[in-house]
Amino acid sequence: MSVFARNGGRERDPEAQRAVGERSLRVSGGAALAELPDPELRERAQRRRFTSAYKLAIVREADGLADRPGEIGALLRREGLYSSHLTKWRRLRDEGALEALSRPRGPKPPHPLEVENAQLKRRLARAEAELEKARKVIEVQGNVSALLGELLEPRSANPESSTGK
């Protein structure tokens, strides 16, 4: 009696509950193939990425083959591409996006006038700080000069000081 008949029509065989795409080890040759990964199943799908230089080269090559029938299809098959890739890349080329993609990433360099303006602001801040220091030094020198003038002044010339207390 089969497993199917014993379970009242419900098959409980562990082999019957495999995921789609799994192959039976008994049918495929035993434990020797159990160690090899299944070529039909990928571990994780990854999106293909094409550089802007590659896209531009393919579009240029396809444009050169436009007058010969069947050559564009052969190009797409050879490269593993779809016609939608070619359509999109042509539109991007016409918009100038492929050239924009080939530029380096990151923030754009500042305008030369902005750079000069920042340098001038830093120089101005340094000059103002030095000017403030110079004013303080001049003020201190004036105070020291006044104190020295009072100390070196003859005592008899000072009417406010009293000598006889």
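1. A quick word on the model: it is predicted, so local features need pLDDT of at least 70 and side-chain atom pairs count only at pLDDT 80 or more, while totals for chains, interfaces and linings use all residues. Residues are numbered from 1 along each chain as its sequence is written, and side-chain values use heavy atoms, leaving out hydrogens and water.

2. Now the rings. Phe, Tyr and Trp rings (the six-membered one for Trp) pair if their centres lie within 6.5 Å; planes under 30 degrees apart are stacked, over 60 edge-to-face, the rest tilted. There are 3 aromatic pairs in the structure. F50 and W89 make an edge-to-face one, 5.2 Å centre to centre with 70° between the planes. F50 sits in the loop between α2 (25-28) and α3, and W89 in helix α5, 39 residues apart. (Helices are DSSP runs of H or I, at least four residues, numbered from the N terminus.)

3. Y54 and W89 are also edge-to-face, at 6.3 Å and 80°. Y54 is in helix α3 and W89 in α5, so this pair ties together parts 35 residues apart in sequence. Ring pairs link F50, Y54 and W89 into a cluster.

4. Have a look at L81 too: leaving aside residues up to four places away in sequence, L81 touches F50, Y54, I58, L76 and W89, where contact means heavy atoms within 4.5 Å.

Technical notes: Helix = DSSP H or I, 4+ residues; strand = E, 2+ residues; numbered from the N terminus.
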